[in-house]
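Subject: Structure handover

Hello,

Here is the structure for your files.

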Amino acid sequence: MPDTIQRLTVAQSASTPGSSPSFRPRRFLRNGHLQTIMGNYLRRINRLPAAVAQPVEVAPAREGQIASQVLCHCHFQPQEVRASCPTAIIVHGLEGSSDSQYVIGNGNKLWNAGANIIRMNMRNCGGTEKLTATLYHSGLSGDVDAVVRHFIAQEGLQSVSIVGYSMGGNLVLKLAGDLGADAPPELKSVIAVSPALDLGPSADALHEPMNRVYEMKFLYALLRRFRYKATLFPDLYDPSMAEGVRSLREFDDRVTAFYSDFASASDYYYRAAAARVVDRIQVPTLILHALDDPFIRLTAASRSRILTNPNITYIETQNGGHCAFLADPDATANDDGYWAESTLLRFLLENA
């Protein structure tokens, strides 16, 4: 199998992401698990200017509950050029936040390229549990839509791109599919890195013996957050619902589905998955996926829908792990080795 399988959508020049150099993993990091772990824990240098913290309402108050808000950390270019600059809204993955390493890495690259940066926290993430009475889950793509439209209206933005990693990748792809031809004209591109667009198979992959360490890390954080939510909203949540939970699917069956109006985990995974609607995407879209991703599974049916959509550029690599894609740095080319970040940067700017 070739090192990189690529599918280009339209005639593209040699400088486009689809024709960029194939990804080659960093020396001694050819294993998907090593890529994943190192990509998660390597500290990034953050030279972004001080952020403006801005809550955005994503769902109105109802049935005695407070309105739901998400917290965005914004870095805007000077007022006189702000509206015409490309804007990147970056969405983290499961149990991440606006401070996740890949969010910071992308934010710095995009800022240096002249873009406005909006680092979006999903509901409850980044210490925002008090801003909503609800839990968060992979189907809340409407939250990203609300953030996009809020900042277009507030700042007069002319060119917006949404970038999602893992769970955030599912959210941005689902939003693009749900919108179809009705996407706002200011939305110029959608980018998903290691997206969890087939939720059920990916959740089950986390329960495989080799992946249990990842599952337990996610599960511990989810359980801790749920118990904390129960202290904030004791009339809404029963902490005993999570007792004895031993897998992500079990958590989603007993907690996520129960409190978010799904019939079961399987119903949740089906309705919340971007895989259902990826064929409807009409905005220029980039998807990056590594075949050695330890726990993201892409079904043959989903891959077929992606490859037959002329609006999607799909790059599938042999190596890269989950949300990592660490290559050897090249100081002479000003390349820090974060291949996915450099690739998505080119795609975003070319479609801005």
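The lining of the largest cavity has 18 nonpolar, six polar and three charged residues. Here Ala, Val, Leu, Ile, Met, Phe, Trp, Tyr, Cys and Pro count as nonpolar, Asp, Glu, Lys and Arg as charged, and the others, Gly among them, as polar.

Some ground rules. This is a predicted model: local features need pLDDT of at least 70, side-chain atom pairs count only at pLDDT 80 or more, and totals for chains, interfaces and linings use all residues. Residues are numbered from 1 along each chain as its sequence is written, and side-chain values use heavy atoms, with hydrogens and water left out.

**Cavities**

A cavity is a set of points on a 1 Å grid over the protein atoms alone where a 1.4 Å probe fits but cannot get out; lining residues have an atom within 4 Å of a point. Grid points are joined across faces, edges and corners, and a volume is the space filled by probe spheres set on the points. Four cavities of 30 Å³ or more are counted.

The largest cavity holds about 390 Å³. Its lining has 27 residues, and Leu94, Ser138, Met167, Leu248 and Tyr268 lie nearest the centre. Two or more lining residues come from each of α6 (199-206), α7, α8 (248-259) and α9 (265-272). Helices (H or I, at least four residues) and strands (E, at least two) are DSSP runs, numbered from the N terminus.

The second largest cavity holds about 80 Å³. Residues that line it include Gly39, Arg44, Tyr165 and Glu341. α3 and α11 (339-351) each supply at least two lining residues there. That lining divides into six nonpolar, two polar and two charged residues.

**Largest pocket**

A pocket is an open set of grid points with protein on both sides within 12 Å along at least five of seven lines. The largest one has about 600 Å³ of space. It is lined by 23 residues, with Thr36, Asn40, Leu94, Lys217 and Phe218 closest to its centre. α1 (32-41), α3 (101-112) and α7 (212-232) each give at least two residues to this lining. α1 gives the most, with six. By class, the lining has eleven nonpolar, ten polar and two charged residues.

**Cores**

A nonpolar core is a set of buried Ala, Val, Leu, Ile, Met, Phe, Trp, Tyr and Cys residues joined through side-chain atoms within 4.5 Å. Buried means under 20% relative accessible area, exposed over 50%, partly exposed in between (1.4 Å probe, protein chains only). The largest core has 75 residues; Cys72, Val144, Val147, Phe151 and Ile162 touch the most other members. Apart from it lies another core of 27 residues, among them Ala88, Ile90, Ala340 and Leu348.

**Cysteines**

There are zero disulfides, a disulfide being a pair of cysteine sulfur atoms within 2.5 Å. For Cys74, the nearest cysteine sulfur is that of Cys72, 5.6 Å away. Cys74 is buried, at 1% relative accessibility. For Cys125, the nearest is again the sulfur of Cys72, 12 Å away. Cys125 is buried too, with a relative accessible area of 0%.

**Backbone**

Most residues other than glycine have a negative phi. Ser166 is not a glycine, yet has a positive phi of about 55°. Ser166 sits in the loop between β6 (160-165) and α5 (167-179). Phe325, also not a glycine, has a positive phi of about 55°. Phe325 lies in the loop between β9 (312-317) and α11.

Best wishes
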